[in-house]
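Here is a short briefing for a first look at this structure. Start with the display, then read the points by topic.

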Amino acid sequence: MTEFTHLGDKDGVHMVDVSSKSVTERSAVAEGVVHLGSAAYVALMEQRIAKGNVLTTAQLAGIMGAKDTARLIPMCHQIPLNAVDIAFSFNAHAHTIKIQATVTSYARTGVEMEALTAVSVAALSMYDMCKSISKAIRITDIRLITKEGGKHGPYSVKDLSQ
């Protein structure tokens with residue numbers, strides 16, 4: 001049976017002790033999709049969003065989200081980040097923007113949560129900036145794509161069933 005590492009006595013919680021782990025290079029890539037709809041997608045691409053530059057703001061929000069992960073997710077360790085990169089890919093036909101966050105660190109624990117938080121906060125920032133055009137914007141498919149480093153070794157999504 002799997003042991004739950006975050007449960008303490010009487011089902012309380014505790015932060016996992018990583019002091020015995022080695023400091024190694026860690027990296028993670030996460031992604032998510034923002035479904036804007038045609039009106040918001042066109043307005044964003046034509047830079048007609050009243051609140052300003054959506055993509056630059058979403059990049060900044062994603063970086064800030066990665067840096068604040070330990071404050072937002074209770075059992076995450078505060079770890080030094082070496083780099084956070086937020087990239088976008090566009091699908092004009094589907095009116096979507098895929099957000100991809102890549103996070104790296106030298107630490108005793110991984111950066112998966114930082115990458116996932118970066119994508120989530122960047123997507124929420126896009127929603128906030130575009131909501132005056134459409135409230136029907138959807139954020140979907142936030143998931144870990146790859147991770148490197150650590151005791152459990154590399155991970156990579158092979159297909160959507162994982």
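**Backbone and fold at a glance**

Just after helix α1, Q47 takes a positive phi of about 55°. This is a predicted model, in which local features need pLDDT of at least 70, side-chain atom pairs count only at pLDDT 80 or more, and totals for chains, interfaces and linings use all residues. Residues are numbered from 1 along each chain as its sequence is written, and side-chain values use heavy atoms, with hydrogens and water left out. Helices (H or I, at least four residues) and strands (E, at least two) are DSSP runs, numbered from the N terminus.

**Positive phi**

- Most residues other than glycine have a negative phi.
- H95 lies in the loop between β2 and β3.
- H95 is partly exposed, at a relative accessible area of 23% (buried means under 20%, exposed over 50%, partly exposed in between, with a 1.4 Å probe and protein chains only).
- D141 is not a glycine either, yet its phi is positive, at about 60°.
- D141 sits in strand β4 (residues 138–148) and is exposed, with a relative accessible area of 53%.

**The sheet**

- Five strands form an open sheet in the order β2-β3-β1-β4-β5, with antiparallel pairing.
- β2 and β5 (155–156) stand at the edges with a single partner strand each, so one side of each has no neighbour in the sheet.
- Two strands pair if DSSP finds at least two bridges between them.
- β2 and β3 pair in the antiparallel sense over nine bridges.
- I86 has A101 in β3 as its bridge partner, and D85 stands opposite T102 in β3.
- β2 and β3 form a hairpin with four residues between them, and H95 is in the turn.

**Helix α1**

- In helix α1 (residues 38–45), the buried residues are A40, Y41, A43 and L44.
- They cover an arc of only 165° around the axis, which puts them on the same side of α1 (the arc is that of the directions from the helix axis to the C-beta atoms).
- An α-helix has 3.6 residues a turn, so residues three or four places apart point the same way.
- The cover over the buried residues of α1 includes α2 (54–67), β2 (83–91), β3 (96–107) and α4 (112–130).

**Helix α2 and its partners**

- α2 and α4 pack at an angle of about 145°, with their axes 7 Å apart (axes are lines fitted to C-alpha atoms, for helices over the stretch in contact, and angles run from 0 to 180 degrees between N-to-C directions).
- Residues of α2 including L55, A58, A61 and G65 meet residues of α4, among them T117, V121, S125 and M129. Contact means heavy atoms within 4.5 Å.
- By class, the contact of α2 with α4 has 11 nonpolar, five polar and one charged residues (Ala, Val, Leu, Ile, Met, Phe, Trp, Tyr, Cys and Pro count as nonpolar, Asp, Glu, Lys and Arg as charged, and the others, Gly among them, as polar).
- α2 also lies across β2 and β3, running at about 140° to β2.

- E31 is in strand β1 (residues 24–35) and counts as buried at 10% relative accessibility.
- Leaving aside neighbours within four places in sequence, E31 contacts residues including K98, Q100, D141 and R143.
- T69 belongs to helix α3 (residues 69–72) and is buried, with a relative accessible area of 1%.
- Beyond neighbours within four places in sequence, T69 is in contact with C76, M113, E114 and T117.
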